[in-house]
Amino acid sequence: KQDILNRFNLGQIPVAELPKELDWENGWRFDFNMFKPIFELAEKRRLTVAGLNFPFRVVKEVREKGLEGLSPEDRAMLPEEVIPPAPEQEEGLKEILAMHQGRDATDSKQIERFFLVQSLWDTGMAEKAVQLRRSSGHPVVILAGGGHVEHGWGIPRRLKVLDPQAKVMT
């Protein structure tokens, strides 16, 4: 949906129209009103807003089929090199997997795919944030769920791998 965010960045779409334009209700699992003040601030200060994630349907396909099950177009959205989770993060990820209904945290294939999906998300978001910082020359603020930043794992760890000079605050 970056094309829509680009139109927002250019002032062509007001904050009030973003939920409809972005199909927020079907694309995100959180109420738009939680994020509305951030969009309003970005609009007021003319800050660039960028989407760091790839479509959830791609995540679902990777979970179900693995990377080999993706179309070339979908594969092109993902990072070339996937940075795996830190070894000390793995037990916590298994606990999170166990909380997902219908998932078996003892099934090695499900564990492998869950680690892959989490790593794709975190690596992809970190990769895009580094690209944005380098292209703009400005700091980048990332809004992400706790599981993507807790303990300095997830996105922060991958930012340091991709850009060792980066200053990361969580």
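Biologist: With the side chain of which residue does the side chain of serine 119 make a polar contact?
Modeller: This is a predicted model, in which local features need pLDDT of at least 70, side-chain atom pairs count only at pLDDT 80 or more, and totals for chains, interfaces and linings use all residues. Numbering starts from 1 along each chain as its sequence is written, and side-chain values use heavy atoms, without hydrogens and water. A polar contact pairs N or O atoms within 3.5 Å, one able to donate a hydrogen and the other to accept it; sequence-adjacent residues count only if both atoms are side-chain atoms. At 3.3 Å, the side-chain partner of serine 119 is arginine 158.

Biologist: In which helix is serine 119 found?
Modeller: Helices are DSSP runs of H or I with at least four residues, numbered from the N terminus. The run of residues 108-136 holds serine 119, and this helix is α8.

Biologist: Why does serine 119 count as buried?
Modeller: The term buried requires under 20% relative accessible area with a 1.4 Å probe, protein chains only. Serine 119 counts as buried because its relative accessibility is 3%.

Biologist: Which residues are in contact with serine 119, leaving aside neighbours within four places in sequence?
Modeller: Contact means heavy atoms within 4.5 Å. Arg158, the polar partner, is one of the residues in contact with serine 119.

Definitions and conventions
Helix = DSSP H or I, 4+ residues; strand = E, 2+ residues; numbered from the N terminus. Buried < 20%, exposed > 50% of the residue type's maximum accessible area, 1.4 Å probe, protein only.
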